[in-house]
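Work through the exercises below with the sequence and the coordinates at hand. Each task is followed by a worked solution.

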Amino acid sequence: MYPDICVGDIQQIQQDLTVNDMTNELDFDFDAGELCLDYANTAEMHASQKPDESLHDFEDLVTWGQAAGLVAPGRAKDLRRIAREHVDEVYAFYGRAIGLREAIYGIFAQTAGEQMVNPEDLALLNQTLRQALPHLQVISSSMGFNWGWEDDPQALDQIIWPVARSAADLLTSNNLTRVRQCADDRGCGYLFMDTSRNRSRRWCSMESCGNRAKATRHYKKIRKTG
Ligand SMILES: [Zn+2]
């Protein structure tokens, strides 16, 4: 699902960016077990015909980045200011960011279902990596050395650099076999890392899709025997 952005929206988005300078109350899920999967799950009912979008605009992306710990509050303010001054760039970036999310979702839904990965999805991930990785660097701290990202207050894409790297790391790791997709038949589509001992987790959560499936099975059994 790619966003349809038309020129008529520009004024509204400018207004939204102006009035909404603080982190809003969006409730994002960060329980998937990997950053790239959390990002893929920002559309709910993702495997259905009508996914429910959580990232409606650039503002939401910045808010998600803050909630994920990728964007410091000061930097978020900078990004929102830059976005107000460069509306066209914001459009282009938002389209790239959602495109990357759909590619990541497709790749891991396919690997979880033991299907061939769509080459176009992989190409889009690699394209983002080519843009992101030149900004990767080793950072020194009192604790030692870590991988980190170049400090570039102007780069809108900095929100998705770590996401692309997370997807690449997961795809090339042994943990890829632990990636699962919720078995809900309505199209929940939630992706997660199965950390259960016998690798048998089927649902995003027992409280929602798991209980619903159990109730459906129970109902069918009663109908059959009743
Ligand atoms: Zn589910």
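Two strands pair if DSSP finds at least two bridges between them. Helices (H or I, at least four residues) and strands (E, at least two) are DSSP runs, numbered from the N terminus. The model is predicted; local features need pLDDT of at least 70, side-chain atom pairs count only at pLDDT 80 or more, and totals for chains, interfaces and linings use all residues. Residue numbers start from 1 along each chain as its sequence is written.

**Exercise 1. Describe the pairing of strand E3 with strand E4.**

Step 1. Glutamine 137 stands opposite glycine 148 in E4.
Step 2. E3 and E4 (residues 144–149) pair in the antiparallel sense, over 6 bridges.
Step 3. A residue is buried if 20 or more other C-beta atoms lie within 10 Å of its own, exposed if 12 or fewer, and partly exposed in between, with C-beta atoms placed from the backbone. Of the 6 residues of E3 (residues 136–141), the number buried is 0, so E3 lies largely in the open.

**Exercise 2. Is serine 48 buried, partly exposed or exposed?**

Step 1. Serine 48 sits in the loop between strand E1 (43–44) and strand E2 (52–53).
Step 2. With 14 other C-beta atoms within 10 Å, serine 48 is partly exposed.
Step 3. Leaving aside neighbours within four places in sequence, serine 48 is in contact with Arg186, Gly187 and Gly189. The C-alpha atom of serine 48 is 9.0 Å from that of aspartate 185, 137 residues apart along the chain.

**Exercise 3. Where does pLDDT stay under 50?**

Step 1. pLDDT is the predictor's confidence in each residue, from 0 to 100.
Step 2. The protein chain averages 88, and 87% of the residues score at least 70.
Step 3. The stretch under 50 is residues 1–23, for which the model has 28 contacts beyond four places in sequence.

Terms used. Contact = placed C-beta atoms within 7 Å.
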